[in-house]
Amino acid sequence: MAKIIDGKKISQQIKDELKEKAAKLKEQGKTGALAVIQVGQDPASSVYVRNKKNACAYIGIESLAYELPEETTEEELLKLIAELNEKEQVKGILVQLPLPGHICEDKVIQAISPCKDVDGFHPQSVGAMTIGEPGFLSCTPAGIIQLLKRSGVEIAGKHCVIIGRSNIVGKPMALLMLRENATVTITHSRTRNLKEVCQQADILIVAMGKPQFIGAEYVKEGAVVIDVGIHRDENNKLCGDVKFAEVESLASAITPVPGGVGPMTIAMLMNNCVQSIEEE
Ligand code: NAP
């Protein structure tokens with residue numbers, strides 16, 4: 001039976017460390033706010049935004065909520081971001097994605113000042129991560145690195161196979177695993193023999209967005225399996241990209257859904273906010 005990698009517990013440890021750090025910074029007169037912008041009222045986005053505001057409150061960072069109507073124009077949103085870029089007290093700017101179809105996400109991401117880009121999505125942040133320069137790391141992949149390290153999983157020299165090459169998970173994940181000296185294979189929808197490639201993984205990171213797609217036949221005995229997917233099954237219960245029950249019996253360690261990668265993303269967002277306050 002696999003060891004369950006407890007993202008809830010590890011994210012709580014990180015948030016407690018950050019709470020302490022934020023309090024020390026406050027004593028030195030260093031404070032700041034996270035501006036959270038939501039356009040429209042997508043219910044899933046509202047849950048994520050609420051969780052982010054609650055995390056700020058827990059750590060002791062101010063959060064400023066901007067809840068804009070669905071009809072907000074791209075120009076209006078860009079204007080708000082420009083204003084927040086100038087506000088000294090605002091140390092982080094987060095625009096909840098996805099945005100309504102009439103707004104170009106790339107334009108919005110690029111409008112955020114790189115020194116307030118706590119999501120780590122700006123091309124400058126991505127570039128800095130690629131060449132190992134300081135900057136904000138993309139939260140979900142950075143959270144996965146913490147999950148592995150804090151669970152005692154050795155990364156250096158291991159073969160890591162990543163399923164998915166999105167800009168927010170797969171690609172930055174590959175770069176961070178490379179930085180940790182793993183040998184990295186990135187797979188995607190055009191990969192041939194996915195099963196055989198995955199069977200070679202010591203660490204298998206699944207970010208494909210396909211509910212319960214990865215079964216035991218994709219997993220080498222003793223592999224570490226990280227499930228990034230989040231879905232609702234036919235009974236409205238949360239599940240991941242991995243068939244947890246059958247993979248658990250084969251893997252040496254595995255993340256559950258919920259309670260695995262999900263809580264780590266918010267913890268790492270808070271880490272970026274505290275880093276931004278520290279570096280003011
Ligand atoms: P995405 O943008 O849809 O990317 C999915 C990737 O999987 C693509 O690169 C796609 O390949 C690849 N893929 C799809 N079907 C495949 C197949 N049959 N075989 C091999 N590769 C396949 O998704 P994402 O934004 O990276 O997110 C992935 C999942 O993680 C989603 O369920 C999302 O909800 C979840 N997520 C969770 C968190 C968290 O905090 N826990 C954060 C972000 C995302 P192509 O590039 O060839 O199309």
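Biologist: Why does Q212 count as partly exposed rather than buried or exposed?

Modeller: Buried means under 20% relative accessible area, exposed over 50%, and partly exposed in between, with a 1.4 Å probe and protein chains only. Q212 has 34% relative accessibility and therefore counts as partly exposed. This is a predicted model, in which local features need pLDDT of at least 70 and side-chain atom pairs count only at pLDDT 80 or more, while totals for chains, interfaces and linings use all residues. Residues are numbered from 1 along each chain as its sequence is written, and side-chain values use heavy atoms, with hydrogens and water left out.

Biologist: Which class of exposure does N181 fall into, and why?

Modeller: N181 counts as exposed because its relative accessibility is 52%. N181, though not a glycine, also has a positive phi, of about 70°, and is placed in the loop between α7 (170-179) and β6.

Biologist: How do you know whether G120 is buried or exposed?

Modeller: The relative accessible area of G120 is 4%, so G120 is buried. This residue lies in the loop between α4 (105-111) and α5 (123-131). Leaving aside residues up to four places away in sequence, G120 touches S125, V126, F136, L137 and S138, where contact means heavy atoms within 4.5 Å.

Biologist: What makes β5 and β6 a pair?

Modeller: Two strands pair if DSSP finds at least two bridges between them. Strand β5 (residues 159-163) and β6 are joined by 5 bridges in the parallel sense, and V161 stands opposite T185 in β6. They belong to an open sheet of 6 strands with parallel pairing, in the order β1-β11-β8-β7-β5-β6.

Biologist: Why are β1 and β6 called edge strands?

Modeller: Strands β1 (3-4) and β6 (183-187) each pair on one side only.

Biologist: What makes a set of residues a nonpolar core?

Modeller: Such a core is a set of buried Ala, Val, Leu, Ile, Met, Phe, Trp, Tyr and Cys residues joined through side-chain atoms within 4.5 Å. The largest has 50 residues, of which L34, L148, M177 and I205 touch the most other members. Helix α10 (residues 261-278) supplies the largest share of this core, 10 residues. A second, separate core of 18 residues includes V197, V206, A223 and V242.

Biologist: Which residues come nearest to the ligand?

Modeller: A residue is near a molecule or strand if one of its heavy atoms lies within 4 Å of it. Of the 22 residues around the ligand, the nearest are R165, S166, H188, S189 and T265.

Notes:
Helices (H or I, at least four residues) and strands (E, at least two) are DSSP runs, numbered from the N terminus.
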